[in-house]
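I am opening a notebook on a structure that is new to me.

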Amino acid sequence: MARRRKVSNLLGLAVLSTVTARPMHPYEMASLMRARGKDRDMDIKWGSLYTVVGNLEKHGFLAVEGSAREGARPERTVYGITDAGRDELADWVRELIGVPERERPRFEAGLSVLGALGPDEVAALLRGRLDAMEREIAADQAALEAEEEVPRLFLLESEYDLAMRRAEAAWVRGLLAEIEDGTLPHLDLWRSFHATGEMPPEIAELAERGAPEE
């Protein structure tokens, strides 16, 4: 189980990882993280960067190293990682890699209430989703293959993302086939409900199994 952290925003993890190389000011941190695609790897809200940096300093994970000025721009505070920050970064990575945690994607939420739509509409939506996924997967695979000079160590998150999306696409392809060839269990009851507007007794019984007793 994930433990409670003093700074839990994943942007903090990205900041700590970025400043391990050298001290830098927040604007530079953001530029490097964007260049490295960190906003594709994790949910980052750039507007909270200065708050996150301030919290990391407050808890002793970052320390002010000085200030820097570039041309006519205002002076910027430069932050470096502390020993406590390095320990926190290492512990955080250990947790993320070693401790499994269920994530709830929006697609899973939609599947949980799929019966609200008819089978034909669902099939069309799944077909559109699958087409979009396959285009994205092909484009990202090509981009990954183009990174010939980048060590694989720095591309593992992209490999994982592709593997997960390929697995989802395979599952969607299978479900779509079951709907289209009529082999999905209880498909006839699903169609009947949307054709008549009346809940078939078999489905009503299943729905009531989770209802609290009065």
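**Entry 1: a salt bridge across the chain**

I began with R5, which counts as buried because its relative accessibility is 9%; buried means under 20% relative accessible area, exposed over 50%, and partly exposed in between, with a 1.4 Å probe and protein chains only. I note for all entries that this is a predicted model, in which local features need pLDDT of at least 70 and side-chain atom pairs count only at pLDDT 80 or more, while totals for chains, interfaces and linings use all residues. Residues are numbered from 1 along each chain as its sequence is written, and side-chain values use heavy atoms, with hydrogens and water left out.

I then looked up the partner of R5 and found that its side chain meets that of D91 in a salt bridge, at 3.0 Å from N to O; the term stands for a side-chain nitrogen of Lys or Arg within 4 Å of a carboxyl oxygen of Asp or Glu. The two residues are 86 apart, and the pair links distant parts of the chain, with D91 in helix α5 and R5 in the segment before α1. Helices (H or I, at least four residues) and strands (E, at least two) are DSSP runs, numbered from the N terminus. D91 has 26% relative accessibility and so counts as partly exposed.

**Entry 2: R165 and its two partners**

Which residues form salt bridges with R165? One is D140, with the closest N and O atoms 2.5 Å apart. Because D140 lies in helix α7 (residues 119–146) and R165 in helix α8, this pair ties together parts that are 25 residues apart in sequence. The other is D161, where the closest N and O atoms are 2.9 Å apart; R165 and D161 both lie in helix α8, 4 residues apart, which is about one turn of the helix.

**Entry 3: the nonpolar cores**

I next asked how many residues the largest nonpolar core has. It has 23, and those with the most contacts inside it are V15, M29, L56 and L62; such a core is a set of buried Ala, Val, Leu, Ile, Met, Phe, Trp, Tyr and Cys residues joined through side-chain atoms within 4.5 Å. The elements giving two or more residues to this core are α1 (10–18), α2 (26–35), α4 (49–58), β2 (76–81) and α5 (83–98), and the largest share, 5 residues, comes from α1.

A second, separate core has 18 residues, including A123, L155, V172 and L176.

**Entry 4: two helix pairs**

Two packed helices are described by the angle between their axes and the distance between the axes. The axes of α1 and α2 come within 10 Å and cross at roughly 100 degrees; axes are lines fitted to C-alpha atoms, for helices over the stretch in contact, and angles run from 0 to 180 degrees between N-to-C directions. These two helices are therefore roughly perpendicular to each other, since angles under 35 degrees count as roughly parallel, over 145 as roughly antiparallel, 65 to 115 as roughly perpendicular and the rest as oblique. L11, A14, V15 and T18 of α1 make the contact with M29, L32 and M33 of α2, where contact means heavy atoms within 4.5 Å.

For α7 and α9, I found an angle of about 110 degrees with the axes 9 Å apart, so this pair is roughly perpendicular as well. The contact is made by P119, D120 and V122 of α7 and L187, W190 and R191 of α9.

**Entry 5: G85**

Last, I looked at G85, which lies in helix α5 and counts as buried because its relative accessibility is 0%. G85 touches L16, G60 and F61, not counting residues up to four places away in sequence.
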